[in-house]
Amino acid sequence: MKRRALRLLAAAALAVPAGLTGLAVPGPAAAEAATLGAAAAEHGRVFGAAVAGHRLGEADYARVLDTEFNGVTPENEMKWETVQRTRGSFDYTAADAIVERARARGMAVRGHTLVWHSQLPSWVQNITSGSELLTVMRDHIANVAGHYRGKIAYWDVVNEAFEGGSRRQSVFQQRIGDSYIEEAFRAARAADPSAKLCYNDYSTDGINAKSDAIYAMVRDFKARGVPIDCVGFQAHLIVGQVPGDMRQNLQRFADLGVDVNITELDIRMPTPPSTANLQAQAADYRKVVEACLAVSRCTSITVWGITDRYSWIPDVFPGQGAALLFDEQYAKKPAYHSTLEALGGTSEPDPDPDPPGACRVSYQVNAWNSGFTASITITNTSTAAVNGWSLAFTLPAGQTITGGWNAAYRPSSGQVTATNAAWNAAIAPGGSVSIGFQATHTGDTSPPQAFTLNGTTCQKA
């Protein structure tokens, strides 16, 4: 699919807002922003993405990260089970690669996360002494935050310590007690004095029992001089369910004297995505961005991933997904454009857009002896919805379909047409549908040479 042309950002001057170490922000002479990071920077803010280090070798993944974002959060590389899987042995290889790559490109880095009940090695879970666990926690923070001293803009010091309006009964809560969160923040300040220290949690985006409990903790910390600088709101949301009081909630925390950040934003929907849900998602992303921009201390927005292809959502919420700004083929979704517009940026229209019905097909074979299965993904790369489809292709000689799923296949060999089922007839712009079949072969398992969708030749992925 042809990529929309983007105007390059031309910055005549650079300025770095306080607390955002290493972040290049355009000065007043900058050209009109055409990417998420550049548009956010013109407001003195970060627009970042959670990054999986092992994906950075994928060209499209790295290209979109480098082009669109000015902030990075390591997705798993700084978590306890990664950096200190064995007691006293620290491994920063994966995290270092992300941090140094980001800093070389002028991106702000968010450290995630120092203390969390999940992704915790069993040796930590098995500590029964509160005093020993407190020592271990302090040592872990001192080592990790100390290793990245001066390189991190924000640390998620403690993550997800509440359930509803009460403290989560994690190993830290059970062994150390209520003081462990305060102790973690004090240890982090000692280890990395220049970073902003944050508490981070989910289902706190609106005013509710959980956000009330966290608000009370932050207010207490500020009153007693506990070093907390920021509260992170994960914003794992569902289409149509952005809290109406989100801006009010962010503002009340900001009024306590802390920054507020949107830290793990994604907005999921049933898959395959419908046109209506993609448009609703675009409106929801706009609401979140506008809520942040309305609060002067909302300094950062991070989406939890770059592309729907690698989102965590489908694995945790089966039948849900399409939650990010770029689809599985890295095409910009309606939510991308609404987000960029909310940030005050613009993207130029494609001067030669794909025609209605344009498509991409991926075809993967798993073969054995005299049989194989073929998995096919059809992606609508046009700007118009497909309502009812037939995918035509020619099977090489000796291949015969014996059964299929998610489509009807006729005939079973030669020039085959796969026709939609009743429930997957619609493919939204940027949306995909997965089908497949089982077949026999006589030695040749090569793929068809071409595919047409409703008569239009598809690009092969």
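**Reading the model**

Author: Start with Phe-233. At 1% relative accessibility, Phe-233 counts as buried. Keep in mind that this is a predicted model.

Reader: Where is Phe-233 found?

Author: In strand β10, residues 230-233. Cys-230, in turn, is buried with a relative accessible area of 0%.

Reader: What does Phe-233 touch, leaving out residues up to four places away in sequence?

Author: Take the list in groups. Phe-233 touches Asn-200, Asp-201, Thr-204 and Asp-205, among others. Its contacts also include Asn-249, Leu-250 and Phe-253. Then come Val-260, Asn-261, Ile-262, Thr-263 and Glu-264. For contrast, take Ser-194, 39 residues from Phe-233 along the chain: the two C-alpha atoms are separated by 22 Å.

Reader: What is the mean pLDDT of the protein chain?

Author: The mean is 90, and 91% of the residues reach 70 or more. Over residues 1-19, however, the pLDDT is below 50; this stretch has 55 contacts in the model beyond near neighbours in sequence. Residues 21-31 also stay under 50, with 41 contacts beyond four places in sequence.

Reader: Back to Thr-204. Is Thr-204 buried or exposed?

Author: Buried means under 20% relative accessible area. Thr-204 has 2% relative accessibility, so Thr-204 counts as buried. The residue is in the loop between β9 (196-201) and α9 (209-224). Beyond its neighbours within four places in sequence, Thr-204 is in contact with Lys-210, Ser-211, Ile-214, Phe-233 and Asn-249. Cys-198 counts as buried too, at 0% relative accessibility.

Reader: How do I read a helix such as α9?

Author: First the general idea. An α-helix has 3.6 residues a turn, so residues three or four places apart point the same way. Now the case here. The buried residues in α9 are Lys-210, Ser-211, Ala-213, Ile-214, Tyr-215, Met-217, Val-218 and Phe-221.

Reader: What covers the buried residues of α9?

Author: The cover includes β7 (162-163), β8 (166-167) and α8 (179-191). It also includes β9, β10 and α10 (246-254).

Reader: How far does α9 reach from its first C-alpha to its last?

Author: α9 has 16 residues and reaches 23 Å, close to the 22 Å expected at 1.5 Å a residue. Asn-208 caps the N-terminal end: a side-chain oxygen lies 3.1 Å from the backbone nitrogen of Lys-210. Just after α9, Gly-225 takes a positive phi of about 80°.

Reader: Which residues of α10 are buried?

Author: Met-246, Asn-249, Leu-250, Arg-252, Phe-253 and Ala-254. They pack against α9, β10, β12 (259-270) and α11 (275-293).

Reader: How do I read a sheet?

Author: Strands of a sheet pair through backbone hydrogen bonds, either parallel or antiparallel. Here, 5 strands form an open sheet with mixed pairing, in the order β19-β23-β16-β15-β26. The edge strands are β19 (400-405) and β26, each pairing on one side only.

Reader: In which sense do β19 and β23 pair?

Author: Antiparallel, over 5 bridges; β23 covers residues 432-440. Thr-400 stands opposite Thr-440 in β23.

Reader: Why is the disulfide of Cys-292 and Cys-298 left-handed?

Author: Read the torsion about the S-S bond. For Cys-292 and Cys-298 that torsion is about -105°, so the disulfide is left-handed. For Cys-359 and Cys-458 the torsion is about -95°, so that disulfide is left-handed. With the bonded cysteines numbered in sequence order, the pairing is 1-2, 3-4.

Definitions and conventions. Residues are numbered from 1 along each chain as its sequence is written. Side-chain values use heavy atoms; hydrogens and water are left out. pLDDT is the predictor's confidence in each residue, from 0 to 100. Contact means heavy atoms within 4.5 Å. Helices (H or I, at least four residues) and strands (E, at least two) are DSSP runs, numbered from the N terminus. Buried means under 20% relative accessible area, exposed over 50%, partly exposed in between (1.4 Å probe, protein chains only). A disulfide is a pair of cysteine sulfur atoms within 2.5 Å. The expected span of a helix is 1.5 Å times one less than its number of residues. A polar contact is a pair of N or O atoms within 3.5 Å; within protein, one must be able to donate a hydrogen and the other to accept it, and residues adjacent in sequence count only if both atoms are side-chain atoms. Two strands pair if DSSP finds at least two bridges between them.
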